[in-house]
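Hello,

Here is the structure we talked about passing over to you. My notes on it follow below.

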Amino acid sequence: MEETIGVTETAPIPPQRSEPLLDHALRYTEERHWDVFAGTWLESADGREQCSCGAADCPAPGAHPSVKDWASLASGSAVQVRRLWTKNPKASILLPTGRTFDALDVPDSAGFLALARLERMQRTLGPVIATPAGRMLFFVLPGAGAKVPDLLRKLGWQPPQLDLHTRGEGAYTAAPPTRIGGRGSVQWAQPPTASNRWLPDVEELIDALAYACGREAAAERARRGA
């Protein structure tokens, strides 16, 4: 399925497998004004793919920072982006959180339920990422991490009860179409478009996400008790 990104609703992205990662990285910087940085990549060795970091047990093969000071290297400069991906066209595309957006990280089962609920309620939605690790990340305005615990308590939840986490300053997320080992590629569940250029605040999404994560937690308890 082809998706859209950019200034206009009609600006199509070609099928991601045929489009260089550089082109995607440039769209993120030029059209969304997001900082990006180049991460690790996948290499073929002995008939299988492994992470360029060389760790046999790498938890995110081909989709994590390659250096410790990655935060200082993240850039919104198209010149810098071209230099990085020209040097290594296979490098993963990583987006630092806590700058132009934070991300609310939930299980994908809860995420899809919340997404449908939010759309029915006609709430403003930002871009939403689905990862092959079974997680969904809802983009919101920066500063969500400081608000989420109190917001959950006001809704009647204790934060440890829910598998709902915030990625803010000092964290990152892999961006589509980065591939994570043999698990598959990161995808847009809700792609960036002109209509969601202005991100929602966490208050606009937290009730639906908490409800969905609460249902997921209850279902998990029921499965364990069965």
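The mean pLDDT of the protein chain is 90, with 92% of its residues at 70 or more; this is a predicted model. Residues 1-17 have pLDDT below 50, and in the model this stretch makes 41 contacts beyond near neighbours in sequence. Where pLDDT is low, the predicted coordinates should not be read in detail.

On the strands: an open sheet is formed by three of them, in the order 1-4-9, with antiparallel pairing. Strand 1 (37-38) and strand 9 (172-174) are the edge strands, each pairing on one side only. Strand 1 is joined to strand 4 (residues 93-96) by two bridges, and Phe37 has Leu94 in strand 4 as its bridge partner.

On the packing: the largest nonpolar core has 29 residues. Those that touch the most other members are Tyr28, Trp34, Val81, Trp85, Ile93, Leu95 and Phe139. Two or more residues come from each of helix 1 (21-31), helix 3 (78-87), strand 4 and strand 7 (135-140). Helix 1 gives the most, with five residues.

Ile93 is worth a separate entry. Leaving aside neighbours within four places in sequence, Ile93 is in contact with Leu21, His24, Ala25 and Tyr28, with Phe37 and Trp85, and with Thr173, Ala174, Ala175, Pro176, Pro177 and Thr178.

Regards

Notes. Residues are numbered from 1 along each chain as its sequence is written. This is a predicted model: local features need pLDDT of at least 70, side-chain atom pairs count only at pLDDT 80 or more; totals for chains, interfaces and linings use all residues. Side-chain values use heavy atoms; hydrogens and water are left out. Two strands pair if DSSP finds at least two bridges between them. Helices (H or I, at least four residues) and strands (E, at least two) are DSSP runs, numbered from the N terminus. A nonpolar core is a set of buried Ala, Val, Leu, Ile, Met, Phe, Trp, Tyr and Cys residues joined through side-chain atoms within 4.5 Å. Buried means under 20% relative accessible area, exposed over 50%, partly exposed in between (1.4 Å probe, protein chains only). Contact means heavy atoms within 4.5 Å. pLDDT is the predictor's confidence in each residue, from 0 to 100.
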